[in-house]
Amino acid sequence: MLSSRYRPYHVPIFLAKYAWLRLRRRPVLLNFEVTMRCNARCGFCNYWQTPASAKAQELADFSAIARRFSPMLVTFTGGEPTLRRDLEDLVRAVRQSVRYTYVQLITHAGMLSLERAQSLWDAGVDQFNISLDYLDGRHDEARGIPGLTNKILDLVPRMRAAGIGGVKFNTVIKRDNLDQILPIVHQAAAMGAGVNFSVYTALKNGNRDHLLQDLDPAAVQAVVDELLAYKRRRAGVITNSDYYLEQIPRYVRGEMTEPCESGNTTIHIDPQGQVRRCPDFPADGPWEQYKGYAPIDCNDCFYACRGEAQAPLRVMSRIRDVMATVQPEVARPERILPVVRP
Ligand SMILES: C[S@@+](CC[C@H](N)C(=O)[O-])C[C@H]1O[C@@H](n2cnc3c(N)ncnc32)[C@H](O)[C@@H]1O
Ligand code: SF4
Ligand code: SF4
């Protein structure tokens with residue numbers, strides 16, 4: 001989990017903060033959706049249809065929210081957060097308002113230059129989560145951004161070489177990218193980066209084309225088995241817990257019956273400062289009125305954040321995962337694979 005800004009002795013500090021927040025039933029992770037605007041054209045998410053005029057209602061500062069909750073993790077997301085020219089200011093203000101908060105940024109990276117990445121890193125982003133669902137031209141097509149895949153594969157090694165110590169791919173497992181899952185892991189390892197997987201949901205815009213549920217469950221199980229085997233061979237590249245990965249086939253087979261705990265360990269704050277339990281539920285009111293959420297009988301997604309919140313605390317395996325991902329200052333690349341080009 002941790003970027004090169006941190007050392008192994010920080011791990012117990014973060015774990016203590018985690019325990020302190022859980023004991024007080026306070027959110028561990030705040031997702032700041034700093035804008036819902038987006039300049040991509042994804043076929044599986046409709047945030048890009050947000051009108052440009054929405055910019056006028058976006059909060060100019062999220063630090064009061066961070067101060068009130070003092071979370072262990074903050075994620076800047078959207079929409080496309082790099083559209084905000086003041087993103088560095090937002091990050092800096094949040095950093096200054098909370099101690100021991102690990103700051104992540106999720107981006108499609110279409111507009112991310114090395115200079116912008118450096119300035120965001122300097123402002124306090126600990127980890128860049130760059131969305132990457134395919135290593136070939138399908139990614140460009142899926143996002144409606146020509147040249148995106150090559151751009152990402154060119155940028156990530158340069159970010160690592162420049163000393164940016166936390167880079168991960170955010171990869172959505174879809175019906176049509178099972179052939180890409182292990183290659184993306186190898187690519188990440190070769191670049192000194194990591195990968196965090198999540199499962200596709202049709203909730204964003206009703207597009208069912210990518211649902212894993214339409215596949216032979218054995219094909220999903222086979223990929224999950226490969227990921228678990230990879231984790232056993234080499235820790236620190238795949239950052240999902242074993243629990244989350246193990247549950248994916250069960251979810252796909254429709255056997256998951258546990259209520260969803262979203263809105264307690266993880267909450268979403270929209271661009272106007274309204275709180276919601278998860279990215280696909282409507283806002284419930286201003287963040288100041290947040291009082292937690294009751295578990296809900298919903299099974300519409302198996303996002304990593306839902307699955308990880310559901311995980312029993314298998315402390316030793318999670319500590320092993322976290323320790324293994326304390327990133328070295330300089331990439332320790334896997335000696336495999338040239339960069340795959342479409
Ligand atoms: C909503 S996006 C916002 C950040 C940025 N625009 C991006 O795409 O990286 C956050 C994450 O959700 C993922 N995502 C988008 N649509 C999804 C879907 N239908 N199911 C699962 N994950 C999805 C994206 O790939 C991305 O990693
Ligand atoms: S997934 Fe990200 S890049 Fe695609 S439309 Fe949604 S917000 Fe934009
Ligand atoms: S399962 Fe949970 S996180 Fe997923 S859509 Fe339903 S309430 Fe939201």
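1. Ligand 2 is surrounded by Cys38, Ala40, Cys42, Cys45, Tyr47, Trp48, Gly78, Gly79, Glu80, His108 and Arg143. A residue counts as near when its C-beta atom, placed from the backbone, lies within 6 Å. By class, this shell has 6 nonpolar, 3 polar and 2 charged residues. Here Ala, Val, Leu, Ile, Met, Phe, Trp, Tyr, Cys and Pro are nonpolar, Asp, Glu, Lys and Arg are charged, and the others, Gly among them, are polar.

2. This is a predicted model: local features need pLDDT of at least 70, side-chain atom pairs need 80 or more, and totals for chains, interfaces and linings use all residues. Residues are numbered from 1 along each chain as its sequence is written, while chains are lettered from A and ligands numbered from 1 in the order written.

3. Ligand 1 has 16 residues around it. The closest are Cys45, Ile106, Ser131, Asn170 and Lys204. The shell has 6 nonpolar, 8 polar and 2 charged residues. Strand 2, strand 3 and strand 5 (167-173) each supply at least two of its residues. Strands (E, at least two residues) and helices (H or I, at least four) are DSSP runs, numbered from the N terminus.

4. Strand 1 (residues 29-35) and strand 2 (residues 73-78) run parallel, joined by 6 bridges. Pairing needs at least two DSSP bridges. Thr35 has Gly78 as its bridge partner in strand 2.

5. Strand 2 and strand 3 (residues 102-107) also run parallel, with 4 bridges. Val74 stands opposite Val103 in strand 3.
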